[in-house]
Amino acid sequence: MGRGRVELKRIENKINRQVTFSKRRNGLLKKAYELSVLCDAEVALIIFSSRGKLYEFGSAGTNKTLERYQRCCYTPQDVVVSDRETQGWYQEVSKLKAKYESLQRSQRHLLGEDLGPLSVKELQHLERQLEVALSQARQRKTQIMIEQMEELRKKERQLGDINKQLKIKLEAEGQGPFRCIQGSWESGAMVGNNTFSINAPQAAPMECEPTLQIGYHHFVPPEANIPRSVAGESNFIQGWVL
């Protein structure tokens, strides 16, 4: 009996599938070798298994055959398309280069350099640009300063609230000692200013005892009638001054 026709579908049995792959792979490699020898043909064969293992054959080298294949597939139409793409890229590079040079020239003008070739209109336009830029810079600076002031005011309010809370807490915890210390401070301040609230007793008038005077009678006028100098430099009685 002859061999029956094999149905082309995936072999479900893993072992049978692996055996069939090995047999047919070797047969395919053998056929490629025979074709290259018998017909003097350049043959290249690449096989990847289900596990990703590589099997290859090349009569003149696989890489050489692949390079030859790429050159043959590179048709003149592709060359035309490549030339168009190259020309488009060249034009794009030229535009970007011109734009870059224009930006550099504008930057030098804004810095006050290379102003000689500019006309009156160009100088006026440059002046307007500088004025607009200066105005925007000042507005931004003012805005930043206002924001900083608002932040400082917010911190000031927070510190004020903390100070009030600490003051209330201090008065609640040490109300008695705090009042005593405050009273001592007030009395010390009154002493420093020479303000006494205690009435000092007035001195009693001195009494003069009678004395014995021999030879002459010395008259002592009352203290209220003794003339004194205006500047307070001398307190001598006029009767004794010769």
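These are my notebook entries on a predicted protein model.

**Ground rules.** I number residues from 1 along each chain as its sequence is written. Because the model is predicted, local features need pLDDT of at least 70 and side-chain atom pairs count only at pLDDT 80 or more, while totals for chains, interfaces and linings use all residues; side-chain values use heavy atoms, without hydrogens and water.

**Layout.** I looked up the secondary structure and found five helices and two strands. Helices (H or I, at least four residues) and strands (E, at least two) are DSSP runs, numbered from the N terminus. Along the sequence I read the pattern α-β-β-α-α-α-α.

**Surface.** I noted an accessible surface of about 23,200 Å², with 57% of this area on carbon and sulfur atoms. Such areas come from the Shrake-Rupley method with a 1.4 Å probe; for residues, only the protein chains shown count as cover. Of the 242 residues, 6% count as buried. Buried means under 20% relative accessible area, exposed over 50%, and partly exposed in between (1.4 Å probe, protein chains only).

**Core.** I looked up the largest nonpolar core and listed six residues: Ala 32, Val 43, Leu 45, Ile 47, Tyr 55 and Phe 57. Strand S1 (44-48) and strand S2 (54-58) are the elements that each give two or more residues to this core. A nonpolar core is a set of buried Ala, Val, Leu, Ile, Met, Phe, Trp, Tyr and Cys residues joined through side-chain atoms within 4.5 Å.

**Cysteines.** I searched the whole structure for disulfides (cysteine sulfur pairs within 2.5 Å) and found zero. Cys 39 is exposed at 53% relative accessible area, and Cys 72 is exposed at 58%.
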